[in-house]
Amino acid sequence: MVNALELKHVDKVYDGPVPTQVLFDINLAFAENSFNAIIGSSGSGKSTLLNIMGTLDRATKGEVWVNSQSTAKLSRDGLAELRNQTIGFVFQFHFLLPEFTALENVLLPHRIGTSIISKEIVDRAHDIMELMGLSKVKNNPSARMSGGQQQRTAIARALINQPSIILADEPTGNLDSETTETTYELLRKIHQELNTTFIIITHDRRVAEKADRIVEIRDGKIALDMYR
Amino acid sequence: MHPLAKEFLVPFTQDNKAVCVRLVLDRLEKAELEIHTLYEQVLAPVLNSIAPSDQEQTSSIWQEHVRTGIIETIIACCYPYILKKSPKVEIAPTVLVFCPAEEYHQVGARMACDFFTLCGYHAVFIGANTPATEFLPAIKSLTPQYIVISISNYYNLVAAKRAIDQIRTVAGDTITIIVGGHAVSRNGDIRKNLGADLILQTYADVHALAKGDGLL
Ligand SMILES: Nc1ncnc2c1ncn2[C@@H]1O[C@H](COP(=O)(O)OP(=O)(O)O)[C@@H](O)[C@H]1O
Ligand SMILES: [Mg+2]
């Protein structure tokens, strides 16, 4: 079994007047192409864990391995490159630029990565947007789309660099139940068609129970690790 | 597949309750069928074939409900035969059986409860979807020696763990906590993870426990 992502003995302590430890000796490995859910009550440390997995934040102790590569010795730029090439992020709030069109928002990571946008990339953006059911609205300013369409645009944006791993922090947390269902179906479809590894933080039982694996975090520790 | 299961599937997939029930009662009446064989080799596999608890729905939900209803009717009809077989025990240990909150699949739990009765225990089935506000008073009032928690959908392992934590808080290690069900069978370290004492999945498991307890 090849691991897409692995945490080894990860601790996280937030500095401050009173330093607080929020993760305790976390050991977790996620297999390539697996679809995983992380659950747990608010404040249990899920987002902290996801940010560390995505190398957006550093562990206080322990190691993060991405695609069998340790991130310990990577420089800030090295990390940014690894992240840009292998990980796509989806958050509860989509952070789209409102005055840009959906398509422009999807192409945004590429503007950051390289300066020129090739025809290949633009074609890929169109393909992904079609997969996400956004063909009709791709030239609309993102502010004028529905919540579900905006979130799907954010997912398309996360996919534009063809990441092998998607990390999502309550991606459907802000959507009504019907839109949650469609968004989730799309994530499953991407998982199947693009062989992407998914790690999704969710409060939604219907999302979690369809994952191949559920990890429950309680007080910064793994309380349960369950397989379907 | 057991020959009776094959035979049973025909009326079952036609939602023909009367034929299904008659078919089974006929065999029980003639004493050609053991309860545990019926449960494990006929009813469980046919139910799983139409209502896999962890996969995309293969039949519609109303149909799953109708067919689950057929199975539950048969289980209810088995009770007199179970009583006949159940050994006379001086002081039968009490076993309390339930499904955790939000777990609505109760057939496995009912079968487990009957297995305990068959083996001489005083087994009480509380129900599906049982929150702490129900099982804690039940524990207090019935003072069971064993608690059996049955989990089908693996998401409900979360609620099962919570239930076990709550039981430990009031009862410590004085009650043996048993887990079983579909969600448990696929998960390697789950017993330890849940904080349960035992995993029992089959009639043979319950039978072995009863032997150890000197009931058989
Ligand atoms: N940047 C930070 N500085 C200090 N404490 C933080 C910071 N981010 C999160 N925390 C604390 O860490 C704990 C875990 O937070 P978080 O990972 O966001 O939990 P969850 O996503 O499960 O709700 C909480 O107690 C939170 O207040
Ligand atoms: Mg969070």
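Colleague: How much area do chain B and chain A bury between them?

Modeller: In this predicted model, the two chains bury about 1,500 Å², with 52% of it on carbon and sulfur atoms. Buried area is the accessible area (1.4 Å probe) that two parts lose on being put together, summed over both.

Colleague: How many salt bridges are found across the interface?

Modeller: The rule finds two salt bridges between chain B and chain A; a salt bridge is a side-chain nitrogen of Lys or Arg within 4 Å of a carboxyl oxygen of Asp or Glu. One of them joins the side chains of B:D165 and A:R218, at 3.1 Å from N to O.

Colleague: Changing topic, how do α3 and α5 of chain B pack?

Modeller: Helix α3 (residues 35-50) and helix α5 (residues 107-118) of chain B pack at about 175 degrees, with their axes 11 Å apart. Axes are lines fitted to C-alpha atoms, for helices over the stretch in contact, and angles run from 0 to 180 degrees between N-to-C directions. The angle makes α3(B) roughly antiparallel to α5(B), a term for angles over 145 degrees.

Colleague: Which residues make that contact?

Modeller: Among them are B:I35, B:Y39 and B:L43 of α3(B), and B:M111, B:F115 and B:L118 of α5(B).

Colleague: What about α1 and α2 of chain B, at what angle do they cross?

Modeller: The axes of helix α1 (residues 3-13) and helix α2 (residues 17-29) of chain B cross at roughly 155 degrees and come within 8 Å. That makes α1(B) roughly antiparallel to α2(B). Residues of α1(B) including B:F8 and B:F12 meet residues of α2(B) including B:L23 and B:V24.

Colleague: What conventions apply?

Modeller: Residues are numbered from 1 along each chain as its sequence is written, and chains are lettered from A and ligands numbered from 1 in the order in which they are written. Local features need pLDDT of at least 70, side-chain atom pairs count only at pLDDT 80 or more, and totals for chains, interfaces and linings use all residues, while side-chain values use heavy atoms, with hydrogens and water left out.

How values were computed. Helix = DSSP H or I, 4+ residues; strand = E, 2+ residues; numbered from the N terminus. Parallel < 35°, antiparallel > 145°, perpendicular 65-115°, else oblique. Contact = heavy atoms within 4.5 Å.
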